[in-house]
Amino acid sequence: MYADNAQLQPDSWLVTAGRTSEPGSPLNVPLVPASNFIIGGKREYSRDDGTPTWEALEQLVGGLESGRSLAFASGMAAIAAVFDQLHAGASVVLPDDCYQGVAGLVTAGADRGRWSVQRLALNDTAGWIDACRCSDLVWLESPSNPLLGVADLEAICAAPRKPGAIVAVDNTFATPLNQRPLDFGATVSLQSATKFIGGHSDLLAGVATTKDEAFWHALRKSRELTGATPGTLESFLAVRGARTMALRLERAQRSAMVLAERLAVHPAVELARYPGLPSHPTHATARRVLKGFGTIISFDVHGGAARADAVCRRTGLIHHATSLGAVESTIERRAAIPGQEHLPPSLLRLSVGIEDVEDLWRDLDNALNAATT
Ligand SMILES: *Cc1c(COP(=O)(O)O)cnc(C)c1O
């Protein structure tokens with residue numbers, strides 16, 4: 001009953017996925033708040049069997065990533081379901097720069113003796129290829145949060161693995177429109193749908209996608225047993241948001257390139273990090289593995305934490321707020337977050353939204369100039 005994505009480009013798929021063509025049924029995905037269903041059909045209880053609304057989100061993301069998806073309560077819930085697959089004493093390898101929630105989950109598990117952890121730099125391709133041979137879970141995040149390192153996923157995902165090893169990629173920053181880890185050979189690709197898929201800062205959701213049927217069933221069992229199920233309204237909103245995702249990403253990404261180039265030569269800026277800048281340490285890899293360079297820029301201002309905080313206070317159109325991937329631009333000093341003190345103290349992470357690029361630049365330039373005088 002669902003549209004077939006095989007013939008469609010991703011931007012068309014985003015608009016049509018999850019809809020039914022049944023005469024008389026609603027054009028949009030129905031919001032079905034249900035814990036239980038009349039016995040005898042394909043669903044009895046939603047925590048075990050899903051709902052039509054969760055399934056529409058799963059269909060949409062699965063088509064984008066070329067796999068089978070499962071929706072979760074949040075990005076972290078989807079990520080935790082992957083870690084839930086590990087046996088006691090497993091070995092995990094993690095990037096030295098990654099989302100702080102994942103680092104926290106891994107550290108907490110290691111402290112309880114659940115697994116051992118090795119950290120690697122994202123650009124250490126040879127190190128990652130070696131790690132595939134001896135680790136049970138190879139966890140990648142590329143581009144990484146917040147330093148925007150880019151891994152050579154093509155090489156790493158194709159490397160020989162320890163039998164049963166999982167290669168997982170947190171694909172949140174790239175989105176399935178810029179990078180498709182399953183095509184490179186990853187076991188599972190993760191999305192915080194809270195970010196670009198939802199795109200409006202009004203929901204929490206996560207999606208895990210895999211081509212491996214047995215792994216999909218194992219993840220679904222985890223979701224059932226831990227109760228990490230997505231909200232129905234959240235799934236509806238995520239689908240609603242995803243309809244415009246290709247347009248939002250295209251616009252914000254174009255603006256991000258312009259802003260990154262200007263930030264790189266701004267006198268108040270010490271260093272601008274953006275995978276699209278030729279000066280970026282992994283720019284060559286980014287050109288090869290990513291379709292687009294994304295909408296996040298991390299830049300360090302001269303004058304340390306105090307000046308960076310002043311910049312955040314002085315922007316107007318750009319909101320001083322955490323999170324990313326939404327229609328509105330947000331800025332935040334990452335080292336101000338507990339547990340993130342290892343980051344450069346004046347690093348500001350800017351998530352570029354869909355506002356007019358010249359309005360964004362005026363706001364940023366004013367804030368940078370005011371904060372430096
Ligand atoms: C936000 C984020 C997550 C966590 O997602 P939630 O939906 O907040 O649980 C994981 N990875 C990355 C890269 C993120 O940006």
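The legends below describe a predicted model of a protein, first as a whole and then in close-up views.

In this predicted model, local features need pLDDT of at least 70 and side-chain atom pairs count only at pLDDT 80 or more, whereas totals for chains, interfaces and linings use all residues. Residues are numbered from 1 along each chain as its sequence is written, and side-chain values use heavy atoms, with hydrogens and water left out.

View 1. Helices (H or I, at least four residues) and strands (E, at least two) are DSSP runs, numbered from the N terminus. The C-alpha trace spans about 70 × 50 × 35 Å along its principal axes. The radius of gyration, taken over C-alpha atoms, is 21 Å, which agrees with the value near 21 Å for a compact globule of 373 residues; the globule rule is 2.2 Å times the number of residues to the power 0.38. Of the 373 residues, 54% count as buried, a term for under 20% relative accessible area with a 1.4 Å probe and protein chains only.

**View 2. Helix α4 packed with helix α5.** Two packed helices are described by the angle between their axes and the distance between the axes. Here α4 (residues 75-83) and α5 (residues 100-111) pack at an angle of about 35°, with their axes 11 Å apart; axes are lines fitted to C-alpha atoms, for helices over the stretch in contact, and angles run from 0 to 180 degrees between N-to-C directions. M76, I79, A80 and F83 in α4 meet G101, V102, L105 and V106 in α5, where contact means heavy atoms within 4.5 Å.

**View 3. An open sheet of five strands with mixed pairing.** The strand order is β8-β9-β12-β11-β10, and two strands pair if DSSP finds at least two bridges between them. At the edges lie β8 (269-273) and β10 (319-320), each of which pairs on one side only. Strands β9 (residues 296-301) and β12 (residues 347-351) run antiparallel and are joined by five bridges; F299 has L348 in β12 as its bridge partner.

**View 4. Helices lying across the strands of the sheet.** Helix α12 (residues 245-264) lies across β8, β9 and β12, and runs at about 15° to β9. Helix α14 (residues 304-314) lies across β9, β10, β11 (330-333) and β12, and runs at about 160° to β11.

**View 5. The buried residues of helix α11.** In α11 (residues 232-242), the residues T232, S235, A238, V239, G241 and A242 are buried. Their cover includes α1 (10-16), α3 (52-65) and α12.

Methods
Buried means under 20% relative accessible area, exposed over 50%, partly exposed in between (1.4 Å probe, protein chains only).
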